[in-house]
Amino acid sequence: MKNRIKAFFAKEGTKSVLSSLLCIAAGIFVGWLVLLALALFSDKIPVSHAFKGLGIILAGPFASGGSKNIAFVLGDMLFEAAPLMLTGLSVAIAFKTGLFNIGAPGQYLMGAMSSVIVALAIPTTPATAFWVWLLALLVGMISGMLWGMIPGFFKAFLGVNEVIVCIMTNWIAANVVSWVFYNNKQFINAAGGKSAYTLPTTANGVSTPKLGLDKLFPGSNIDIGIFIAIAIAILIFILLNKTTLGYELKACGHNKNAAKYAGMNEKRNIVLSMALAGGLAALGASLYFLNGGAELAWNTYGKLPDTGFNGIPVALLASNNPLGVIFGSGFLRYIDKGGYNLAGFTAYNEYVSDLIIAVIIYFAGFSKLIKDLLSRRKAAKAEKADVAIKADDATQAGKEEDGK
Amino acid sequence: MTFLIQQTLVYTIPLMIVALAGVFAERSGIINIALDGIMIFGSFVGALAVYIMQTAGMFGDNTQIVFLIAMLVAALAGALFSLLLSFSAINLKADQTIGGTALNMLAPAVTLLIVKIVSMQDRLSMPKALGFIISNPDMNDVFKPFFDKMFISTYIVIALFVVLSILLYKTKYGLRLRACGEHPQAADSVGINVARMRYLGTTISGALAGLGGYIYIATTASGTAEGTVAGMGFLALAIMIFGNWKPVGIAFGSLLFGLLKCIGATYASLDINGDGIFALKELGLPIYFYNLVPYVVVLLVLAFTSKKSRAPKAEGIPYDKGQR
C-alpha cells in the first residue's frame with residue numbers, strides 16, 4: 001500500500017496536478033493580499049470586506065445568494081465553460097506541437113460569424129432545424145480550421161514566427177467579421193437598442209438542444225454544449241496519446257529536426273496542428289452563439305473576444321493535458337462567477353478574479369521548477385532510504401561475519 | 001499634408017519606442033511578449049499621476065511639466081513592472097512566454113481593479129483637459145508640420161531612439177548586451193555577468209514600453225486609462241520582427257505602420273492636396289478596409305522577407321552555465 005502511494009506521487013501526471021494546485025493556492029493567496037492591501041489603503045472599503053471577499057471568491061457560484069440564483073449562475077457557468085474548454089484545447093494542442101496559438105480569438109470570431117450566418121440564412125421548419133444547427137456547427141468549425149491554417153502555412157513553409165502571424169490574423173478576422181455584417185444588415189437585430197448585436201439564432205428556430213437541462217438550472221442558458229465539449233476533450237486526449245497522428249504531432253513539438261529525421265513530414269504536421277487548433281477554437285464560438293440566448297456583438301473591429309485569449313491560461317493550468325483542460329476551464333469560470341458575486345456583495349469589483357488568474361499563470365511559469373523540486377525531494381529521500389538500507393545490509397553482513 | 005504628417009507621427013512615436021523596447025529585451029536574450037501589458041500598466045500609472053496632479057491643482061498652467069512628470073512616472077512604473085518578468089525568466093528560469101502572458105493579463109486586471117475603485121467606472125478620465133499640445137500657428141509651411149500642434153513627447157522619443165540605438169550598437173555596453181542574446185556562454189567566458197545584462201535589457205525595455213504606453217493614451221485618447229492600448233504592444237512586437245531587430249528597420253516599419261494606421265483613423269476627413277475633395281471617402285470603402293490594410297501589409301512583407309529574418313540566437317532560452 002505504501003509503495004502504491006509512493007508510485008502514485010512519483011507519476012508525472014500527479015506532479016503536474018500537484019503543481020497546478022499549488023499555483024492555484026498561491027494565486028488565491030496573492031489575490032487575497034491585494035484585497036487586504038486595497039482595504040487598508042482605501043477608506044471606501046472596510047477591512048472586514050477583505051475576509052468576506054475571500055470567502056465569496058472561494059464559493060464561486062455558490063455565493064450567489066438563494067437557491068434560485070445559485071441554480072441559475074451554476075447553469076450559466078457550465079454553459080460558458082464549454083467555449084472556454086474548446087479554446088483551451090485549441091491552445092493546448094498547438095502547444096503540444098511546439099506552437100503558441102495566440103490566434104484563438106481570431107479563429108473564434110471566424111467560427112462565430114460562419115455559424116451565425118448559416119444558422120440565420122437557411123430557412124428552417126421544425127423538422128429541419130436540427131440539421132441546420134449541425135451544418136452551422138460544422139461550417140463554423142471548418143472556417144476556423146481554414147483560418148488557423150494561415151499561421152500554420154506561414155510557419156511551416158515561410159519560417160515566419162507563428163505568434164506574429166496569429167496576432168495579425170486576429171485583427172484581420174475582427175475587421176473581416178465586422179465588414180461582413182456591415183454589408184449584410186439582414187443578420188443584425190433590428191429591435192430597439194439591439195443594433196449592436198446579430199439576431200439570435202432562435203429567430204430562425206435554430207438552437208442547441210437543451211435536453212431538459214434548462215429545467216435543472218432554471219433561468220440559465222445551459223444546453224448540451226458542455227457535454228459536447230467534454231466529449232471532444234476526451235477525443236483529443238485519445239488522438240494525442242493513442243494514435244500515430246498524435247504521436248507525430250507531439251514528436252514535432254519535442255524536436256522538429258528529430259521528427260523530420262525519423263521520416264515524419266514536419267511541415268504537414270505544423271499545418272495540421274494549427275488547423276485542428278483553429279477548428280477547436282471556432283467550434284467553441286459556434287457552440288456559444290448557436291445556443292440562441294447569446295448574441296454576437298458584430299462591430300468588433302476594435303476588440304478581440306476574451307474567451308479566445310483565456311484559452312491560454314486554461315491550457316497552461318492544465319499543463320496542456322486535454323483532460324486537465326476540462327477542469328481548468330471549469331475552474332476559470334468558477335472564479336469568474338466568484339468575481340461577479342464579489343462585485344455584487346462587497347466594495348470590490350469583478351476584476352479581482354482576472355487578477356487571481358493572472359497570478360496563477362505567473363506561478364504556472366515556475367511549474368517545471370516546482371516539479372523539479374518535488375522530484376528532487378523525493379530523490380533525496382529515496383537516496384537516504386537507499387543509504388540506510390545499504391548500511392543495514394552492511395551491519396547485517398558484519399553480524400553474519402561475526403557469527404562465523 | 002500637414003495634418004497627415006502630424007497624425008502619422010502620433011501613431012508612429014509610441015510604436016517606435018515600444019518596438020525599440022522589444023529590441024532591448026530580445027537582444028539581451030529575453031522574449032518580451034509582455035510589451036502590451038507593460039504599456040497598459042505604464043499608461044495607467046501615468047494617467048493616475050496626472051489625475052492626482054490635476055486634482056491637487058499642481059503646476060496649474062504648466063501642462064508640459066505635468067506631461068514630463070507623467071512620462072517619467074510611466075517609465076518608472078514600466079521598469080518596475082518588468083522586474084516581474086526578469087525575476088521569473090532570469091532567476092527562476094521560467095518559460096518566458098508564459099511569464100509574459102501572465103503580465104499581459106495582470107496589467108489590465110490591476111488597472112481596472114483600481115480604476116473602478118477610484119472612479120466607480122471602467123475608465124479613469126482626467127478632471128481637466130490635458131493641453132499637452134504645443135502650438136506654433138505662425139510657423140511657415142516648411143516647419144509647420146513638425147513644430148505646430150505637436151507633443152513634446154515626439155521630440156523626446158526621437159532623441160531617446162537615436163541615443164539608445166547608438167548605445168546598443170556603438171558602445172561596449174551595447175556589444176555586451178547583444179552578446180548575451182547571441183551566445184551567453186561565450187559572453188560569460190569573457191567575464192560578462194549575463195544575469196545582470198539581461199536584467200538591464202529587460203528593465204530598459206520595461207521603462208520604454210511604459211513610456212510608450214502613456215504617450216499613446218495621452219496623444220490619442222485624451223489620457224483616459226481604460227486598461228487597454230488597443231493591441232499596440234503586439235503591433236510593436238510585430239514591427240520589431242518586421243524591422244529585423246534593428247533600429248533603422250524599426251524606424252521605417254513604425255513610420256509605415258503609423259501612416260497606415262493614421263489613414264485608417266482619418267480617411268473620412270483626409271484631403272491630401274487641399275482641393276476640398278476627400279478622395280478616400282469617395283471610394284466608399286468602410287472603415288474596416290483601412291483597418292485591415294496595415295495587418296495584411298505586415299503579413300505580406302513578412303512572407304517575402306522571412307528568409308532574411310534573423311532573431312537573436314539565444315532569445316527565450318534561460319542561461320545555464322553548464323551548457324555549451
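This is a predicted model: local features need pLDDT of at least 70, side-chain atom pairs count only at pLDDT 80 or more; totals for chains, interfaces and linings use all residues.
The interface draws on both chains. Chain A contributes 49 residues to the contact, and chain B contributes 45 residues. Together the two chains bury about 4000 Å². Carbon and sulfur atoms account for 80% of that area.

One salt bridge is found between chain B and chain A. Its partners are A:E350 and B:K116. The closest N and O atoms of this pair are 3.3 Å apart, which falls within the 4 Å limit for a salt bridge. Polar contacts between chain B and chain A number seven residue pairs, with both residues at pLDDT 80 or more.

Helix 4 of chain B gives the most, with 15 residues. By class, the side of chain B that touches chain A holds 35 nonpolar residues, six polar residues and four charged residues.

Aromatic pairs were counted over all chains, and the total is 25. One of them joins A:W32 and A:F51. The ring centres of A:W32 and A:F51 lie 5.6 Å from each other, and their planes make an angle of 65 degrees. The pair is edge-to-face because its angle is over 60 degrees. A:W32 belongs to helix 2 (residues 12–41) of chain A, whereas A:F51 belongs to helix 3 (residues 48–59) of chain A. The pair therefore ties together parts that are 19 residues apart in sequence. A:W32 has a relative accessible area of 17%, so this residue counts as buried.

The rings of B:F67 and B:F132 have centres 4.1 Å apart. Their planes meet at 10 degrees, so the pair is stacked. B:F67 sits in helix 3 of chain B. B:F132 sits in the loop between helix 4 and strand 1 (133–134) of chain B. This pair therefore links parts that are 65 residues apart in sequence. Both partners are buried: B:F67 has a relative accessible area of 0%, and B:F132 has a relative accessible area of 2%.

Aromatic residues also group beyond pairs. In chain A, one aromatic cluster is formed by A:F79, A:Y108, A:Y288 and A:F289.

Methods: Residues are numbered from 1 along each chain as its sequence is written. Chains are lettered from A and ligands numbered from 1 in the order in which they are written. Side-chain values use heavy atoms; hydrogens and water are left out. Contact means heavy atoms within 4.5 Å. Buried area is the accessible area (1.4 Å probe) that two parts lose on being put together, summed over both. A salt bridge is a side-chain nitrogen of Lys or Arg within 4 Å of a carboxyl oxygen of Asp or Glu. A polar contact is a pair of N or O atoms within 3.5 Å; within protein, one must be able to donate a hydrogen and the other to accept it, and residues adjacent in sequence count only if both atoms are side-chain atoms. Helices (H or I, at least four residues) and strands (E, at least two) are DSSP runs, numbered from the N terminus. Ala, Val, Leu, Ile, Met, Phe, Trp, Tyr, Cys and Pro count as nonpolar, Asp, Glu, Lys and Arg as charged, and the others, Gly among them, as polar. Rings of Phe, Tyr and Trp (its six-membered ring) pair if their centres lie within 6.5 Å; planes under 30 degrees apart count as stacked, over 60 as edge-to-face and the rest as tilted. Buried means under 20% relative accessible area, exposed over 50%, partly exposed in between (1.4 Å probe, protein chains only).
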